[in-house]
Amino acid sequence: SPRLETLSGRTIGLLWNAKPFGDVALQTVKEKLQATYDDVEFRFYSGSQPHPPKLLEKANEECDAIIACTAD
C-alpha cells in the first residue's frame, strides 16, 4: 500500500492480536500520534493470530491506515 502523505484528518486503525501487552503498545502509539495530530480518529480492533479475514476487511473499509502489533 502506498504511504499517506499525512495522518492529519485520517482514521487510524489499531489492530491487536490479543497477545499480552500489545494493547499497551498500541495505546502508547495512539497517545504519541494524538500529541502530534489533533484531528486524527482512532478505531481499535481486537482479533487473534492470524486475524480473521472479516476483521481485516472491516478495518480496511473503515480506516485510512492501520497499525498492527504483536507482543508477548
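**The pocket, the cysteines and the fold**

The largest pocket has a volume of about 160 Å³. This is a predicted model, so local features need pLDDT of at least 70 and side-chain atom pairs count only at pLDDT 80 or more, whereas totals for chains, interfaces and linings use all residues. Residues are numbered from 1 along each chain as its sequence is written, and side-chain values use heavy atoms, with hydrogens and water left out.

Rolling a probe the size of a water molecule over the atoms shows where empty space is left. On a 1 Å grid over the protein atoms alone, a pocket is an open set of points where a 1.4 Å probe fits, with protein on both sides within 12 Å along at least five of seven lines; lining residues have an atom within 4 Å of a point. Grid points are joined across faces, edges and corners, and the volume is the space filled by probe spheres set on the points.

Which residues line the largest pocket? They are Ser 1, Pro 2, Arg 3 and Leu 4, together with Asn 60, Cys 63, Asp 64, Ala 65 and Ile 66. By class, this lining has five nonpolar, two polar and two charged residues. Here Ala, Val, Leu, Ile, Met, Phe, Trp, Tyr, Cys and Pro count as nonpolar, Asp, Glu, Lys and Arg as charged, and the others, Gly among them, as polar.

Cys 63 brings me to the next point. How many disulfides does the structure hold? There are zero, a disulfide being a pair of cysteine sulfur atoms within 2.5 Å. The reason is distance: the closest cysteine sulfur to that of Cys 63 is in Cys 69, 15 Å away, which is too far for a bond. Cys 63 is buried at 10% relative accessibility, and Cys 69 is buried too, with a relative accessible area of 15%. Buried means under 20% relative accessible area, exposed over 50%, and partly exposed in between, with a 1.4 Å probe and protein chains only.

Turning to the fold, the protein has two helices and three strands, in the sequence pattern β-α-β-α-β. The radius of gyration is 12 Å, close to the 11 Å that the globule rule gives for 72 residues, so the protein is as compact as a globular protein of that length. That radius is taken over C-alpha atoms, and the rule is 2.2 Å times the number of residues to the power 0.38. Helices (H or I, at least four residues) and strands (E, at least two) are DSSP runs, numbered from the N terminus. Buried residues make up 28% of the 72 residues.

Val 24 is found in helix α1, residues 22-36, and is partly exposed at 45% relative accessibility. Its C-alpha atom is separated by 9.4 Å from that of Ala 71, 47 residues apart along the chain.

His 51 belongs to the loop between β2 (41-46) and α2 (53-62). Is His 51 buried or exposed? His 51 is buried, with a relative accessible area of 15%. Leaving aside neighbours within four places in sequence, His 51 is in contact (heavy atoms within 4.5 Å) with Leu 15, Trp 16, Asn 17 and Leu 56.

Finally, Asp 64, one of the pocket-lining residues, lies in the loop between α2 and β3 (65-69).
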